[in-house]
Amino acid sequence: MDCHVHYSSPGGPEWIARFTDPLPEISMRAIELTETSLRSGVTTARDVGAPHGVSIRLARAARAGEIRAPNIRAAGTWIAHRGTYVSFARLFEETDELRNAIKTEIEAGADLIKVALAGWNEGARPQDAPDIPFDKKLLAVAVEEAHRAGFKIACHANDPTSCGIAAHAGVDSLEHGMFLEAGDLEVMVKNKTYLVPTMSVWDAMLYYARAVDWPETRKKRAEDLRQGSRAAVTAAIKAGVRIALGTDAGGGAARHGRIAREAELMVECGMEPRHALIAATSSAAALIGESERGTIEEGKIADLVLLDANPLENIGALRLIVDVFQEGRRVA
Ligand SMILES: [Zn+2]
């Protein structure tokens, strides 16, 4: 299971621009990418943000058996404060607008809510505004609104301020979390908040930094984020934070179909291979709310990935896929 993907973008060096491609292009490509994902062994995926709520339609098509795709849980469109984050998110300024944004996503058919805490975009910050306009109070409103409707809420947090806010907010999962500190991790353990580290993104970013010849400042930033991410994950493992695997394929430079790499990175950060597998199966199932999936047990749905070697000995065995079974049928 991959708890953090975006099928509306293919990843690569220009991943944000790809989200604004013409809608037919996004839609056709998303169908291809879900199949790529399925073939790589992803039988369930959480799509945590798409323009035009494309992920909701994709999830519906997958459920109806119209496309060869993982079982998809879709967040619809990201919810973010106006002036921060991407312009194609669902934007709000006031509390009522935030509540309405959440209700609109639920009404549109989202399976979960995704909010993005982020600093102001350059030039958009009003005088005397807080660093992160989507602050503690607004996030509390979002958590309350989502939970009251019986929906889980995932929160994008990728700078020190937003990591601190998200860790204390009682969200179901904190996405990225490169700047989580010891105190934040302690609260996450207490609140049973999952961390979805998405480490693949930084490795992919560094790859393209070299391949596309990015300016030095951008390369340096990718290196710093990679360092921060690895340190936070290592500390989270030690602190006993619940961790669910997510690649952020499409939402960063990371490509789809490479879930094995994320598991390898977890092991590089000190996780036992067994626990990396748990992060990608039963732990992910618990976060997503898939009680019929995630473990091999009599009576449960038979989503299975057969490998050519033992991943408990070498996690890289996740690359050696022989067969993928979905609901008991061989699909790849
Ligand atoms: Zn993402």
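Leaving aside neighbours within four places in sequence, which residues is I102 in contact with? The legends below start there. The model is predicted.

**View 1. I102 and its contacts.** I102 lies in helix α4. Its partners, leaving aside neighbours within four places in sequence, are I79, I113, A142, E145 and A146. I102 is buried, because its relative accessible area is 1% and buried means under 20%. V115 is 13 residues away from I102 in sequence. In space, the C-alpha atoms of I102 and V115 are 9.3 Å apart.

**View 2. Helices α4 and α5 cross.** Helix α4 covers residues 95-108. The axes of α4 and α5 come within 10 Å. They cross at roughly 35 degrees. The crossing of α4 past α5 is right-handed. On the α4 side, the contact is made by T95, L98, R99, I102 and K103. On the α5 side, it is made by L138, V141, A142, E144, E145, A146 and R148.

**View 3. W78 and Y85, an aromatic pair.** Searching the whole structure gives 6 aromatic pairs. One of them joins W78 and Y85. Their ring centres are 6.5 Å apart. The ring planes stand at 65 degrees, so this pair is edge-to-face; the cut-off for that label is over 60 degrees. W78 is buried, with a relative accessible area of 2%. Y85 is found in the loop between β4 (79-81) and β5. Phi of Y85 is near 55 degrees. That is a positive value in a residue other than glycine. Ring pairs also build a cluster here: its members are F19, W78, Y85 and F88.

**View 4. F92 meets F134.** Here the ring centres of F92 and F134 are 5.0 Å apart. Their planes are at 85 degrees, so the pair is edge-to-face. F92 lies in strand β5 (residues 90-92). F134 lies in the loop between β6 (113-117) and α5 (136-148). The pair therefore ties together parts that are 42 residues apart in sequence. Are F92 and F134 buried or exposed? F92 is buried, with a relative accessible area of 0%. F134 is buried too, with a relative accessible area of 0%.

View 5. R218 lies over the face of W214. The distance from the ring centre is 3.7 Å. K219 has its place in helix α9 (residues 216-239). The relative accessibility of K219 is 16%. K219 therefore counts as buried, since the limit is under 20%. Which residues does K219 contact, leaving aside neighbours within four places in sequence? They are L206, A209, D213 and W214.

**View 6. Helices α10 and α11 pack together.** Helix α10 spans residues 259-268, and helix α11 spans residues 273-280. Their axes are 9 Å apart. The packing angle is about 135 degrees. The two helices are therefore oblique to each other. The crossing of α10 past α11 is right-handed. Which residues meet at the contact? From α10 come A263, M266 and V267. From α11 come P273, A276 and A279.

**View 7. R319 in its loop.** R319 lies between β10 (304-307) and β11 (321-326), in a loop. Not counting residues up to four places away in sequence, R319 touches A260, R261 and E264. R29 is 290 residues from R319 in sequence. Their C-alpha atoms are 23 Å apart in space.

View 8. T198 is found in the loop between β9 (194-196) and α8 (200-211). What is the phi of T198? The value is positive, about 50 degrees, although T198 is not a glycine. T198 is buried, with a relative accessible area of 0%.

**View 9. R57, an exposed helix residue.** R57 is found in helix α3 (residues 54-63). R57 is exposed, because its relative accessible area is 52% and exposed means over 50%. C155 is 98 residues away from R57 along the chain. The C-alpha atoms of R57 and C155 are separated by 22 Å.

Terms used:
Residues are numbered from 1 along each chain as its sequence is written. This is a predicted model: local features need pLDDT of at least 70, side-chain atom pairs count only at pLDDT 80 or more; totals for chains, interfaces and linings use all residues. Side-chain values use heavy atoms; hydrogens and water are left out. Rings of Phe, Tyr and Trp (its six-membered ring) pair if their centres lie within 6.5 Å; planes under 30 degrees apart count as stacked, over 60 as edge-to-face and the rest as tilted. Buried means under 20% relative accessible area, exposed over 50%, partly exposed in between (1.4 Å probe, protein chains only). Helices (H or I, at least four residues) and strands (E, at least two) are DSSP runs, numbered from the N terminus. A charge sits over a ring if NZ of Lys or CZ of Arg is within 6 Å of the ring centre and within 35 degrees of the ring normal. Axes are lines fitted to C-alpha atoms, for helices over the stretch in contact, and angles run from 0 to 180 degrees between N-to-C directions. Angles under 35 degrees count as roughly parallel, over 145 as roughly antiparallel, 65 to 115 as roughly perpendicular and the rest as oblique. A crossing is left-handed if the near helix is turned anticlockwise from the far one by less than a right angle, and right-handed if clockwise. Contact means heavy atoms within 4.5 Å.
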